[in-house]
Amino acid sequence: VKTLAERTANRKSFEIEECYTKLQYVLTQNDKLLAVEQILTLVDSLKEFFRTDSQDRKQITRVARLIQDGQFLLEDHTRFFVRKGELMKRTHRIGKTTKLFFFLFSDILIYAKRDSASVNKFTLHEVLSLRLMTVVDWYPNLIRNEKNFTIHHPRKSFTVHCNTVKERKEWVAAIRLGINESCRLANLMEKLSKNTSEKPKEKSEENCSRNLSGKRGVPS
């Protein structure tokens, strides 16, 4: 089973772009054998990329079927499933503790309650974006509990109790990796959006200036 880091790495386009850059280079060297070898390497990379993507799609589809009205999970084609588990959730406002099932995806964390009519069906309680989340697993000695970690989100803040220290470490590591990757992608998209919106504006201003300076016979 691939880790979250490995799956994330497989989805990074720069790996494929690196192969393409190498291919462009060997083509300029007139080395046909080297070019063929590079093409085969690129094809293998693409096969692995699409194979992994297909596996992730099948897995998230199976998970979505477990959750009532979970089809929304399939709307984002870049989303993939990471892990799930039954944990104890304690609210900060009233201190209520509830056993819930947590599902972690590449960009969101959701928790749900097991359906009383079916052990393999869950009723959705909350969907939290990882991009807006922080996770804390360190506490002062007076309240230290090595099996706990705390989720802070603009919509919800609560403490999660795991069954073992190992389980807590795995959940925290996976959530933090998802947070970092979600923030990285969000920043990248923001930069791309900014560049896209600024370039046409600059071009438009240039055209405007050129048109005004090129006009003749316009009264002042």
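Trainee: Which residue meets the side chain of R79 in a salt bridge?

Mentor: The model is predicted, so local features need pLDDT of at least 70 and side-chain atom pairs count only at pLDDT 80 or more, while totals for chains, interfaces and linings use all residues. Residues are numbered from 1 along each chain as its sequence is written, and side-chain values use heavy atoms, with hydrogens and water left out. A salt bridge is a side-chain nitrogen of Lys or Arg within 4 Å of a carboxyl oxygen of Asp or Glu. At 2.8 Å, N to O, the partner of R79 is D107.

Trainee: How many residues apart are R79 and D107, and where do they lie?

Mentor: Helices (H or I, at least four residues) and strands (E, at least two) are DSSP runs, numbered from the N terminus. R79 belongs to the loop between α3 and β1, and D107 to the loop between β2 (97-105) and β3. The pair thus links distant parts of the chain, and the separation is 28 residues.

Trainee: Is R79 buried or exposed?

Mentor: Buried means under 20% relative accessible area, exposed over 50%, and partly exposed in between (1.4 Å probe, protein chains only). R79 has a relative accessible area of 11%. Because this value is under 20%, R79 is buried.

Trainee: Which residues does K156 touch?

Mentor: K156 is found in the loop between β6 and β7, and at 34% relative accessibility it counts as partly exposed. K156 and E126 are 30 residues apart in sequence, yet 9.1 Å apart in space, C-alpha to C-alpha. Contact means heavy atoms within 4.5 Å. Not counting residues up to four places away in sequence, K156 touches Y111, E126, L128 and I151.

Trainee: Which residues are linked with E170 in a network of salt bridges?

Mentor: E170 forms a salt bridge with K166, the closest N and O atoms being 2.5 Å apart. The two are 4 residues apart in helix α4, which means that about one helical turn separates them. E170 is partly exposed at 32% relative accessibility, whereas K166 is exposed at 56%. The residues linked with E170 in the network are R83 and K166.

Trainee: How many salt bridges does the structure hold?

Mentor: The pairs discussed include R79 with D107 and R155 with E126. For the structure, the number of salt bridges is 8.

Trainee: Which residues gather in a patch of positive charge on the surface?

Mentor: Patches are made of residues with over 30% relative accessible area and no salt bridge: like charges are joined within 9 Å, nonpolar side chains (Val, Leu, Ile, Met, Phe, Trp, Tyr) within 5 Å. One of the members, R65, lies in helix α3 and is exposed, with a relative accessible area of 54%. Another, K121, sits in the loop between β3 (108-114) and β4 (122-129) and is partly exposed at 39%. The patch of positive charge consists of K58, R62, R65 and K121.

Trainee: What is the area of the nonpolar surface patch that contains L192?

Mentor: L192 is placed in helix α4 (residues 165-214) and counts as partly exposed at 44% relative accessibility. Accessible areas come from the Shrake-Rupley method with a 1.4 Å probe; for residues, only the protein chains shown count as cover. Made by L185, L188, M189 and L192, the patch has an area of about 360 Å².

Trainee: What is the phi of D69, which is not a glycine?

Mentor: D69 lies in the loop between α3 (32-66) and β1 (81-91). The residue is exposed, with a relative accessible area of 64%. Its phi is positive, at about 55 degrees.

Notes: Lys, Arg positive; Asp, Glu negative; His and termini not counted. Charge placed at Lys NZ, Arg CZ, Asp CG, Glu CD.
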